[in-house]
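Here is a short walk through one chain, written for someone who likes to keep the model open while reading. Take a look at the picture first, and then we can go through the helices and their contacts together.

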Amino acid sequence: FMDGFQAAQNGDPMAAFVMQKVQESCAAKATLALGAGFVLGGAFGMFMSSVDSGTNMDEFLKMRLKDQIRYTMKDMGAKSYSSAKNFAVVGAVFSGTECIIESYRAKNDMYNGVSAGCITGAALAARAGPAAMATGCATFSAFSAAIDY
């Protein structure tokens, strides 16, 4: 793979063309969104665990300092990882779906994002039934429209 970068830098037009096509592929965009979503979700989860007051304070204050730190770190890690996975899935599904729609329509407008938002929201709510899918579709598409507008 590194040889492709070097060939593209040395002026090989075919290598540059292949590298451009790989970077523009829907799989590459979805993978990039997956990674970025994981990192962003992890940071978000870490922040949210610091402001979450789900711990019974009486029991927590009775613990030794070492146990408090261990409990806090374990809770922070679990919440960060959970949030990271969720953000990664949402990012990958949305980005991949938007790229596929954009490739199919051969247009780059806000309807790609709105359609991808609807599909993503419905897909993420599929286990909860048709009403939740409709709500997820409406919510994600409205959010996508607001962002794109």
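Helices here are DSSP runs of H or I with at least four residues, while strands are runs of E with at least two, and both are numbered from the N terminus. The model is predicted, so local features need pLDDT of at least 70, side-chain atom pairs count only at pLDDT 80 or more, and totals for chains, interfaces and linings use all residues. Residues are numbered from 1 along each chain as its sequence is written, and side-chain values use heavy atoms, leaving out hydrogens and water.

**Helix 3 and its partner**

Let us begin with helix 3, which covers residues 26-51. Helix 3 has 26 residues and reaches 37 Å from its first C-alpha to its last, close to the 38 Å expected at 1.5 Å a residue. That expected span is 1.5 Å times one less than the number of residues.

Which residues of helix 3 are buried? They are Ala30, Ala33, Gly37, Gly41, Gly42, Gly45 and Ser49. Buried means under 20% relative accessible area, exposed means over 50%, and partly exposed lies in between, using a 1.4 Å probe and protein chains only. As background, an α-helix has 3.6 residues a turn, so residues three or four places apart point the same way.

The buried residues of helix 3 pack against helix 5 (65-105). The axes of helix 3 and helix 5 come within 6 Å and cross at roughly 150°. Such axes are lines fitted to C-alpha atoms, for helices over the stretch in contact, and the angles run from 0 to 180 degrees between N-to-C directions. Helix 3 and helix 5 are therefore roughly antiparallel to each other. The cut-offs for these words are under 35 degrees for roughly parallel, over 145 for roughly antiparallel, 65 to 115 for roughly perpendicular, and oblique for the rest. Helix 3 passes helix 5 in a right-handed crossing; a crossing is right-handed if the near helix is turned clockwise from the far one by less than a right angle, and left-handed if anticlockwise.

**Aromatic pairs**

The structure holds 3 aromatic pairs. Rings of Phe, Tyr and Trp (its six-membered ring) pair if their centres lie within 6.5 Å; planes under 30 degrees apart count as stacked, over 60 as edge-to-face and the rest as tilted. Among the pairs is that of Phe44 and Phe87, with ring centres 5.4 Å apart and planes at 35°, so the pair is tilted. Phe44 lies in helix 3 and Phe87 in helix 5, so this pair ties together parts that are 43 residues apart in sequence.

Another of the pairs joins Phe60 and Tyr71, whose ring centres are 6.0 Å apart with planes at 55°, so the pair is tilted. This pair links distant parts of the chain, with Phe60 in helix 4 (residues 57-62) and Tyr71 in helix 5, 11 residues apart.

| Residue | Relative accessibility | Class |
|---|---|---|
| Phe44 | 40% | partly exposed |
| Phe87 | 31% | partly exposed |
| Phe60 | 14% | buried |
| Tyr71 | 36% | partly exposed |

**From helix 5 to helix 6**

Helix 5 also packs with helix 6 (residues 110-124), at an angle of about 135° and with the axes 8 Å apart. Helix 5 and helix 6 are therefore oblique to each other, and their crossing is right-handed. Contact means heavy atoms within 4.5 Å.

Where is Ala106 placed? Ala106 is in the loop between helix 5 and helix 6. Its phi is near 60°, a positive value in a residue other than glycine. At 66% relative accessibility, Ala106 counts as exposed.

**A closer look at Gly117**

Gly117 is in helix 6. Is Gly117 buried or exposed? At 0% relative accessibility, Gly117 counts as buried. Leaving aside neighbours within four places in sequence, Gly117 is in contact with Phe94, Gly136, Cys137, Phe140, Ser141 and Ser144. Gly117 and Ser141 are 24 residues apart in sequence and 4.3 Å apart in space, C-alpha to C-alpha.
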